Amino acid sequence: QVTLVESGGGLVQPGGSLTLACAASGFTFSAYGMNWYRQAPGKEREWVATITANADSTNYDNHVKGRFTISRDNTKSTVYLQMNSVIPEDTAVYYCKVDVWSRGLITYWGQGTQVTVSS
């Protein structure tokens, strides 16, 4: 059973930093790319960042490029999102996502962690 559990969200002031974590289980973590998404109130869920299985490549949405860093620790089956220089527009529920091959490609989401940027 694939499980993704996000943690690390909370209230942070503009300009501050926060690190999110997503602990994965139920699949071969080191074989799959991992993704972070976010959903702000009243808006659709949007892609934030992706990291390949062996961490040799990362990609970011333009809104977070240069401020956020995605990383992973395959020994801990965990993917991270380091958020720096946060702005109020970063306020959202943050989700991790993986697409796992199991007699077809199946998408799994975590339950999300709330990040609120406010003074």
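I looked up Arg103 and placed it in the loop between β9 (92-101) and β10 (105-109). I took strands as DSSP runs of E with at least two residues, helices being runs of H or I with at least four, and both are numbered from the N terminus. The model is predicted, so local features need pLDDT of at least 70 and side-chain atom pairs count only at pLDDT 80 or more, while totals for chains, interfaces and linings use all residues. Residues are numbered from 1 along each chain as its sequence is written, and side-chain values use heavy atoms, with hydrogens and water left out.

**Entry 1: backbone angles**

I noted that Arg103 is not a glycine, yet its phi is positive, near 55°. Most residues other than glycine have a negative phi. Arg103 is exposed, at a relative accessible area of 86%. For these terms I used a 1.4 Å probe on protein chains only: buried is under 20% relative accessible area, exposed is over 50%, and partly exposed is in between.

I then turned to Ala55, where phi is again positive, about 65°, in a residue that is not a glycine. Ala55 lies in the loop between β5 (46-51) and β6 (58-60). With a relative accessible area of 39%, Ala55 is partly exposed.

**Entry 2: aromatic rings**

How many aromatic pairs does the structure hold? I found four aromatic pairs. The rings of Phe, Tyr and Trp (its six-membered ring) pair if their centres lie within 6.5 Å; planes under 30 degrees apart are stacked, over 60 edge-to-face, and the rest tilted.

One of the pairs is Tyr37 with Trp109, edge-to-face, at 4.9 Å centre to centre and 75° between the planes. Tyr37 is in strand β4 (residues 34-39) and Trp109 in strand β10, so this pair ties together parts that are 72 residues apart in sequence. Tyr37 counts as buried at 16% relative accessibility, whereas Trp109 counts as partly exposed at 36%.

I also recorded Tyr95 with Trp109: the ring centres are 6.3 Å apart and the planes stand at 85°, so the pair is edge-to-face. Tyr95 lies in strand β9 and Trp109 in strand β10, so the parts tied together are 14 residues apart in sequence. Tyr95 is buried, at 12% relative accessibility. Ring pairs also link Phe27, Phe29 and Tyr32 into a cluster.

**Entry 3: charges over rings**

I found the charged end of Arg45 over the ring of Tyr95, 3.7 Å from the ring centre. A charge sits over a ring if NZ of Lys or CZ of Arg is within 6 Å of the ring centre and within 35 degrees of the ring normal. The charged end of Arg72 sits over the ring of Phe29, 4.3 Å from its centre.

**Entry 4: the disulfide**

Which cysteines form a disulfide? Cys22 and Cys96 do, with their sulfur atoms 1.9 Å apart; the rule is a pair of cysteine sulfur atoms within 2.5 Å. By that rule I counted one disulfide. The torsion about its S-S bond is about 55°, so the disulfide of Cys22 and Cys96 is right-handed. Cys22 is in strand β3 (residues 18-25) and Cys96 in strand β9, 74 residues apart, so the pair links distant parts of the chain. Cys22 counts as buried at 0% relative accessibility, and Cys96 is buried with a relative accessible area of 0%.
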